[in-house]
Amino acid sequence: MELTLPWYFFDANAPDEIKPGHKPEGDAVAEKEKRILCRFCQGPVTDNSRQTTPLGRFIHCRTNAGGFTFEFGCFSDAPGCMTTGDATTEHTWFPGHSWKLALCRNCGEHLGWSFRGDTSFYGLILDRLVEEE
């Protein structure tokens, strides 16, 4: 089952601006708590009660220095993730935050990033997650 969250359509050059003509559908926070799993191994990653809104949004779209664009949702914690590498502020998408890669604790697949600063949260790539049925 696909992750059933509202999808916002962002322009990669202006990532926090909604493209004209597109409107979000539904509420970003589901009423009933559901576990969110790794799409690759079905291991538990987090749940929808941990959704958070850095810079005023749950869903963000960003392009990295390599030219790859990611759409990700933000969660206050992701117990099913482990981080790897040294924390860096280079090419950070959130001013004042360092980041590390976040991998599935069960299978090691890259699921997103752990951001640390005044606030701490995980940015998890939405098409690499599924909602538990």
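**View 1. Three strands make an open sheet in the order β4-β3-β11.** In this predicted model, the pairing in the sheet is antiparallel. Strands here are DSSP E runs of at least two residues, numbered from the N terminus, and two of them count as paired if DSSP finds at least two bridges between them. Look at the edges: β4 (44-47) and β11 (129-131) each have a single partner strand, so one side of each is left without a neighbour in the sheet. Neighbouring strands of this sheet are turned by 35° against each other on average, ignoring direction; the axes are lines fitted to C-alpha atoms.

**View 2. Zooming in on β3 and β11.** Strand β3 covers residues 35-38 and is joined to the antiparallel β11 by three bridges. As a reminder, strands of a sheet pair through backbone hydrogen bonds, either parallel or antiparallel.

**View 3. Stepping back to the chain, we count 11 strands and zero helices.** Helices would be DSSP H or I runs of at least four residues. Of the 133 residues, 39% are buried, meaning under 20% relative accessible area with a 1.4 Å probe, protein chains only. Take contacts (heavy atoms within 4.5 Å) between residues at least 6 apart in sequence: 47% of them join residues at least 24 apart.

**Notes.** Residues are numbered from 1 along each chain as its sequence is written. Local features need pLDDT of at least 70, side-chain atom pairs count only at pLDDT 80 or more, totals for chains, interfaces and linings use all residues, and side-chain values use heavy atoms, leaving out hydrogens and water.

Technical notes
Buried means under 20% relative accessible area, exposed over 50%, partly exposed in between (1.4 Å probe, protein chains only). Axes are lines fitted to C-alpha atoms, for helices over the stretch in contact, and angles run from 0 to 180 degrees between N-to-C directions.
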